[in-house]
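Biologist: I am new to this one. Can we go through it by question and answer?

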Amino acid sequence: MIEWVKHMQNRQIDMLRTALPFASPSFRKPLQVYIQAQELSDYIRNGDESADVEACGIGSAGDVEGLMENIRQFCNAEEREMIDTVLNIVRAQKMYQCYRGYMASNSSNASGGKKGGAGMLDFLMSQLTPEQQNMFAQMSAAMSAE
């Protein structure tokens, strides 16, 4: 019986959602609020169904870096500083994971590649953009000339 009532409520909400574009402008907003209130009510009643939450993508962290970069533009100076800290942590974690992957592939490939400091320098250089690599090369050349 409960499933039947639930099905009828969902059908009614679906019909209202379908009729929404055809409603008069003065009636559209109250109708939208009613539909959203019904959906919220359904979610609260059936909120223990974690499959619905997983389907929305809430179960995974997603692209934290992209999220922070997009949110940053709406923040004041203090909030931007906090977001920059989070971004630095996320980027450092990515770099560390890349480094671990590099070291694992380098150690399993014992005959190829440089070991020690030279291998580390090559790895770090590979993480830079071409512009940054060029600037680093120029600075290294200038420093070694002195």
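Predicted model: local features only at pLDDT ≥ 70, side-chain atom pairs only at ≥ 80, totals over all residues.

Biologist: Which side chain meets Glu-65 in a salt bridge?

Modeller: Opposite charges can pair when their charged atoms come close. Here the N to O distance is 2.7 Å. The cut-off is 4 Å. The partner of Glu-65 is Arg-91.

Biologist: How many residues apart are Glu-65 and Arg-91?

Modeller: Glu-65 sits in helix α4 (residues 64–72). Arg-91 sits in helix α5 (residues 77–108). The pair links distant parts of the chain, and the separation is 26 residues.

Biologist: Which residues are joined into one network with Glu-65 and Arg-91?

Modeller: Some salt bridges share partners. That joins Glu-65 and Arg-91 with two further residues, Glu-69 and Lys-94.

Biologist: Is Asp-42 buried or exposed?

Modeller: Asp-42 has a relative accessible area of 16%. The limit for buried is under 20%. Therefore Asp-42 is buried.

Biologist: Why do the buried residues of α2 line one face of the helix?

Modeller: The buried residues of α2 are Leu-31, Ile-35 and Asp-42. Seen down the axis of α2, they line one face because they fall within an arc of 40°.

Biologist: Which residues are exposed on the other side of α2?

Modeller: Exposed means over 50% relative accessible area. On the other side of α2, the residues that count as exposed are Ser-26, Lys-29, Gln-36 and Ile-44.

Biologist: What accessible area do Leu-40, Tyr-43 and Ile-44 have together?

Modeller: Tyr-43 is found in helix α2 (residues 25–45). Tyr-43 is partly exposed, at 44% relative accessibility. With Leu-40 and Ile-44, Tyr-43 forms a nonpolar patch on the surface, and the area together is about 340 Å².

Biologist: How many disulfides does the structure hold?

Modeller: Cys-75 counts as buried, at 13% relative accessibility. Cys-98 counts as partly exposed, at 39%. A disulfide needs two cysteine sulfur atoms within 2.5 Å. The number of disulfides is zero.

Notes: Residues numbered from 1 in each chain as written. Heavy atoms only, no water. Patch = residues over 30% accessible without salt bridge, like charges linked within 9 Å, V, L, I, M, F, W, Y side chains within 5 Å. Areas by Shrake-Rupley, 256 points an atom, 1.4 Å probe, with all protein chains shown as cover. Helix = DSSP H or I, 4+ residues; strand = E, 2+ residues; numbered from the N terminus. Buried < 20%, exposed > 50% of the residue type's maximum accessible area, 1.4 Å probe, protein only. Arc of directions from axis to C-beta.
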